[in-house]
Amino acid sequence: MIDSMPHVPLYIDGEWTKSTSEQWIDVTNPATNQPIARVPMATDDEMAAAIASAADTFQRWKEVAVPERARLMLEYQHLLKAHHDELAELLSSETGKNFADAKGDVWRGIEVVEQAANISSMMMGEIVENVATDIDCYSMTQPLGVCCGITPFNFPAMIPLWMFPMAIAAGNTFVLKPSEQVPLTAIRLVELFEQAGAPKGVLQIVHGGKPQVDFLLHHPEIRAISFVGSVPVARYIYQTGTHNLKRVQAFAGAKNHMVVMPDANKDQVVNNLVGASVGAAGQRCMAISVAVLVGSAKEILPELKEAMSKVKPGIWNDSNAGYGPLISPQAKARVLSLIQEGKDEGARCELDGSECTVDGYPEGNWVGPTLFSGVTTEMSIYQQEIFGPVLICLEVDTLDEAIELINNNPYGNGTSIFTACGAAARKFQHHIQVGQVGINVPIPVPLPFFSFTGWRGSFYGDLHAYGKQAIRFYTETKTVTSRWFYDDIPDGPNMTIHLR
Ligand code: NAD
C-alpha cells in the first residue's frame with residue numbers, strides 16, 4: 001500500500017530525485033484523511049546539495065540580462081494561466097479548499113509573477129548629477145545570493161509565488177521548503193517553472209519540518225529568509241535567522257477585526273462578514289475573526305446568525321459547499337477545544353459548528369460555521385488565533401472604543417470598517433495600528449504592485465512581501481560616486497571630507 005503511494009520528490013541542481021531519507025510522512029486529503037502521497041524529511045546531505053547548487057548557480061544567474069529574467073517570468077505566467085484549473089484541482093486535493101477558492105489561491109500567485117515580469121523597472125536605481133563639481137552619484141540594485149522560503153499550509157500556491165519569482169527575477173537563486181502538509185502544489189509550481197525555461201539550479205525544492213528549517217537558518221550560504229506561518233515559529237525564525245546575521249522577513253498569525261458602524265448597509269455587512277469569516281474554513285491569515293459592533297450595529301446579530309447557518313462545508317467540487325475541511329484532525333481538535341473554552345468562559349454560542357458532518361465523508365475534518373456573541377477581551381477565543389470557521393462578536397459604544405480595542409490587540413495584519421461615513425473611515429484609517437486596512441472591503445489583501453504589509457505581532461522584519469519592498473528585501477543597494485577628469489585637475493590633495 002505504502003509503496004504504491006506517490007513519493008514527493010526533491011528538486012536539486014535541476015534533477016528530480018527521490019530522497020534517501022528514512023523519515024517520510026503522509027500527505028492526506030483533509031476531506032477523507034486518507035494518504036495521497038508521502039513526503040520526505042530531507043537529509044542533511046540533500047539540504048547541503050540544494051544550497052550548494054543554488055550558490056554555484058548564483059554566480060551565473062546574476063549575470064543573466066535583466067530583460068531575459070523578465071522574459072522567464074512572462075513565460076511562467078503564461079504557463080501558470082494555462083494550468084490554472086489543474087493547479088487548483090491539485091491544491092484542492094491536499095487542502096480540501098473548494099475549487100473556486102483554490103483557483104483564487106493560484107490566481108493571487110499568478111499576479112505576483114506578472115509583477116515579477118516588470119523586474120526591469122523595479123531594479124532601477126537613482127542618480128544625481130553634479131553632487132560636486134563634475135561628480136555624479138548613482139545607486140544600483142544587485143542581488144544578494146541564495147535566498148530561501150519556508151511556507152505554510154493554507155495558501156500552497158500564492159505564498160510560494162510571493163517569494164521565489166520576485167527573488168529570482170531580482171537575480172538571486174532560491175531554495176523553497178514548502179509546508180510538509182501540502183507539498184504537491186509546490187512541486188507542480190516548480191515543474192512549470194522548469195518548463196518555462198528556468199536554468200537548472202536557479203530554484204531548488206526541499207522538504208521537511210523543523211530540522212530542515214534549522215539547516216537553512218544556520219547555513220552560511222543563505223543570505224535571506226522569507227517565512228510565512230504561525231506566531232511561535234515566525235518569532236523563532238526571525239530570532240534565529242537574524243542571530244545568524246541573515247536578512248529575515250517573517251509573516252505570522254493574526255486576529256483581524258471588522259468594525260461595523262451603525263450606518264453601514266446591513267446586507268453588505270452580513271454578506272461580507274460571512275464570507276470573510278468562514279470562507280476557506282477561516283484558515284486565512286486575513287480572515288475576519290472578530291466583528292466589533294458599534295452601538296446599534298449589534299442589531300445585525302439575528303441576520304448574521306441566519307446567514308451563517310445557511311453556509312455548509314463540503315468537498316472541493318461540491319458547488320453548494322461554502323468551504324472545505326480543516327487541514328488536519330489536530331487542527332480540528334484545536335478549534336473544537338477553543339469553541340468549548342468560549343462556552344465555558346461565558347460567551348454566547350449563537351451557532352455551534354462543533355458537531356458537523358458531511359454526507360459520504362465521515363472522516364473529514366469538518367467544522368460548521370460558529371458564531372459567538374457577548375465576547376470579552378479576556379476570553380481565550382478573543383486572545384488566540386482560532387484559524388477555523390468561527391466568528392466572535394464584541395460590542396462597543398463608539399468608534400474610538402473600537403479603535404482602542406483593535407490597537408490593544410497584539411496582532412496587526414488586517415482590519416476593516418464598514419460605514420457610510422467618510423469621516424469615520426478617515427479617522428479609522430489614520431489611527432488604526434494595523435498594516436492592511438479595508439474600507440467597506442473585508443479582506444484588504446494588496447495587489448502585488450503594493451506590498452503585503454502586516455504590522456506588530458503579525459510581522460517580524462522591515463521589508464514586506466512582493467511589490468517594491470520585496471525588491472529591496474532581495475537586493476543590496478550599491479552607491480557609486482564618479483568623476484571623469486576632462487578638465488584641469490584641481491591643485492593639491494583635498495584633505496577634507498567634502499567633495500568639491
Ligand atoms: P506553521 O508555523 O506550523 O508552519 C509554517 C512552516 O514552518 C512550515 O513550512 C513548517 O514546516 C515550518 N515549521 C513548523 N514548525 C516549525 C518549527 N518548530 N521550527 C521551524 N520550522 C517550523 O504554520 P501553518 O500551520 O502551516 O500555517 C498557518 C499559520 O500561518 C497561521 O498562524 C496563519 O495566520 C499564518 N499565516 C500568516 C500569513 C501572513 O501573511 N501573515 C499568511 C498565511 C498564513
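## The sheet

Two strands are taken to pair if DSSP finds at least two bridges between them. In this predicted model, seven strands form an open sheet with mixed pairing, in the order S14-S15-S16-S13-S12-S18-S19. The edges are held by strand S14 (348–351) and strand S19 (436–439); each has a single partner strand, so one side of each is left without a neighbour in the sheet. From one strand to the next, the twist averages 20°.

Strands of a sheet pair through backbone hydrogen bonds, in either a parallel or an antiparallel sense. Strand S13 (residues 288–294) and strand S16 (residues 390–396) pair in the parallel sense, over five bridges. Within this pair, Val294 has Val396 in S16 as its bridge partner.

## Helices on the sheet

Helix H10 (residues 266–278) packs on the sheet and touches strand S12 (256–260), S13, S16 and strand S18 (414–418). The direction of H10 makes about 155° with that of S13. Helix H15 (residues 422–431) lies across S12, S18 and S19 and runs at about 165° to S18.

## The ligand and its surroundings

There are 28 residues around the ligand, and Lys177, Glu180, Ser230, Ala252 and Glu385 come nearest. Ser230 places a polar side-chain atom 2.6 Å from an oxygen atom of the ligand, while a backbone N or O atom of Ala252 lies 2.7 Å from a ligand nitrogen atom. A polar backbone atom of Gly229 is 3.2 Å from an oxygen atom of the ligand.

Taken alone, the ligand exposes 840 Å², of which the protein buries 87%.

Notes: Residues are numbered from 1 along each chain as its sequence is written. This is a predicted model: local features need pLDDT of at least 70, side-chain atom pairs count only at pLDDT 80 or more; totals for chains, interfaces and linings use all residues. Side-chain values use heavy atoms; hydrogens and water are left out. Helices (H or I, at least four residues) and strands (E, at least two) are DSSP runs, numbered from the N terminus. Axes are lines fitted to C-alpha atoms, for helices over the stretch in contact, and angles run from 0 to 180 degrees between N-to-C directions. Contact means heavy atoms within 4.5 Å. A residue is near a molecule or strand if one of its heavy atoms lies within 4 Å of it. A polar contact is a pair of N or O atoms within 3.5 Å; within protein, one must be able to donate a hydrogen and the other to accept it, and residues adjacent in sequence count only if both atoms are side-chain atoms. Accessible areas come from the Shrake-Rupley method with a 1.4 Å probe; for residues, only the protein chains shown count as cover.
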